[in-house]
Amino acid sequence: MSASDDIWILGIRMTKFGKHPDQDTVDLAAEAATGALADAGVTMADIGVIAAGNLMAANAGIGQQLQKQIGQTGIPVYNVANACATGATALRTAIMAVKAGEVKYGLAVGVEKLSGAGLLGGGGTKKKDADVWTPRGRYGAVAPVDGRIGTEAMPGVFAQIGTEYGHKYGGTSFELFAKISEKNHAHSTLNPLAAYQKKFTLEQIMNDVMIAYPNTRPMCSANCDGAAAAVVCNGETLKSLALQQRKRAVKVSASILTTDPFEDGCQVLPNVNTLTRNAAATAYEQAGIGPSDLDLVELHDCFATAELVHYDNLMLCEKGGAADFFNTGATWRDGSTPVNVSGGLQSKGHPIAATGIANIWEICHHLRGEAGDRQIENAKVGLAHVIGLGSACGVHILEKSAA
Amino acid sequence: MTGQIPLVDYLVLDDGDPHLVAQECTNCSARFFDRRNACASCFASEFSPVAVATEGTLRAFTIVTFAAPGIPTPFVASVVDCDGTQVRANLVNVEPDPEHVRDGMKVRLATYSIGTDSAGTEAIGFGFEPAT
């Protein structure tokens, strides 16, 4: 492979996650984007393409709104939407443009405002039954089916994904899932950019408000505001840059996006497993790296039940062995494969479109040796994973610069 | 008009012999509960209706205690493996707590009244209840 085939993250930034009542999506996206540009040592004049996502207002053209806020240069903008994988999709789009040789520098941005959205995001109003039963829609339903034919709300969907893992392999329990949450909340106390930095005891987690068994409130991702952005270039471009830029650049050894292939039952309960496993397998092959080489992992713990299944899907453990793997302490920050040292979506927060770039920022922060109190010592390789239901899965493997 | 109407069109009431119906791909046997232009598995475009087994095994579940406005809680949402066909349904006629809902439990299809509209038609929903 020549240097022109290598992709590098030159600059990256996430905003503080949490409540930002005085900043709108454009303000937050601008803070992340200008931060990433400054981190990269380039300006909007250098950027050849923008890929941007804001899921809750996917039709509003956040990319062009951002240009009007920080620099309108006439370059192409791709506004992307891919559920919770929107940020990773934006990054992947910018990477593809650089890889295709069409641009020298690409900018990817993800932003969301979700503070106060409520646990179910969007909230909504009561759907009323009709005065006269009339079949409607694909299933000829005469009345709303959410709550009558299973649940459409995310806490319950992902709860079933966790209990299904227990059905297949055993070893799961309410307490086990709660312990995963205990870990992530404990990790977040070291992350100043996390929405919440509060440690919970196992008892507190298990006795908190039950949302969808076995997920209690602290076991669900935290809706909040935030943005993240990254500047990418190829190895040929990087060679022309200053030593300081080359030293801090992070290599993208794999950038993969998958969707869910057909399997029996996948249209009844979303199968988040196979597409993650496929993405991971391709990423490991592309990077020439195995799971045991990873110094840290940021994975999509939208619910505590989800984190468990992804240990297995990302092949961090033996197939079917996720519960045992967790019970050894492997995924705590002092374990063999630290997972979600940022606090994860449960504590760092989950501003949807920002998440798929913010998790890469976290990995880069460690690979650059800039993670302060939560630094994973001598981190050289990391993996970032997101999944958007529907489904889309992004996996990126990142490596420390040798410069 | 009086009489009964199913909650969804893939529930067939059949006078005391209620069951679910899937659209089965004639080529690869993949099953779907709504229309497909082509099979998501093999892309063939012919389907035939098949009755889904009315007994099954609990494969995945959650007990929802916090739901969108207007949805009564708690309720048990689940995936039931009906002789190889995965079905999404609530569990009914069972206490909605982890002591009574057990992974792998045997369940069978059950119907219940959702209510009667202003024309006197009763809507019938379905769920799965413990089989033993």
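Here is a chat about backbone details in chains A and B and the overall build of chain B, in a predicted model.

Me: Let's start with chain B. How many helices and strands does it have?
Reply: Chain B has 0 helices and 10 strands. Going from the N terminus, the elements read β-β-β-β-β-β-β-β-β-β.

Me: What size of box do the C-alpha atoms of chain B fill?
Reply: Roughly 40 × 40 × 30 Å, taken along the principal axes.

Me: And what share of its residues is buried?
Reply: Chain B has 132 residues, and 47% of them count as buried.

Me: What about contacts in chain B, how many join residues at least 24 apart?
Reply: That's 45%, counting contacts between residues at least 6 apart in sequence.

Me: Surface next. What does the accessible surface of chain B come to, and how much belongs to carbon and sulfur?
Reply: The accessible surface is about 6200 Å², with 46% of that belonging to carbon and sulfur atoms.

Me: How many positive and negative side chains are there on chain B?
Reply: There are 8 positive and 17 negative ones.

Me: And how far apart are the centres of those two sets?
Reply: They lie 7 Å apart.

Me: Switching to the backbone. Which residues does the cis peptide bond in chain B join?
Reply: It joins B:T73 and B:P74, with omega at about -5°. B:P74 sits in the loop between β6 (55-64) and β7 (75-82) of chain B.

Me: Which residues have a cis bond in chain A?
Reply: A:Y213 and A:P214 are joined by one, and omega there is about 5°. You'll find A:P214 in the loop between β5 (210-213) and β6 (215-216) of chain A.

Me: Why point those out?
Reply: Because most peptide bonds are trans.

Me: Where is B:F43, and is it buried or exposed?
Reply: B:F43 is in the loop between β4 (31-32) and β5 (47-51) of chain B. It counts as exposed, because its relative accessibility is 65% and the cut-off for exposed is over 50%.

Me: And in chain A, what's the phi of A:N378?
Reply: A:N378 is not a glycine either, yet its phi is positive, about 60°.

Me: Where does A:N378 lie?
Reply: In the loop between α13 (352-367) and β10 (381-388) of chain A.

Me: Buried or exposed, that A:N378?
Reply: A:N378 is exposed, with a relative accessible area of 59%.

Conventions. Residues are numbered from 1 along each chain as its sequence is written. Chains are lettered from A and ligands numbered from 1 in the order in which they are written. This is a predicted model: local features need pLDDT of at least 70, side-chain atom pairs count only at pLDDT 80 or more; totals for chains, interfaces and linings use all residues. Side-chain values use heavy atoms; hydrogens and water are left out. Helices (H or I, at least four residues) and strands (E, at least two) are DSSP runs, numbered from the N terminus. Buried means under 20% relative accessible area, exposed over 50%, partly exposed in between (1.4 Å probe, protein chains only). Contact means heavy atoms within 4.5 Å. Accessible areas come from the Shrake-Rupley method with a 1.4 Å probe; for residues, only the protein chains shown count as cover. Lys and Arg count as positive and Asp and Glu as negative; His and the chain ends are not counted. The place of a charge is taken as NZ of Lys, CZ of Arg, CG of Asp or CD of Glu.
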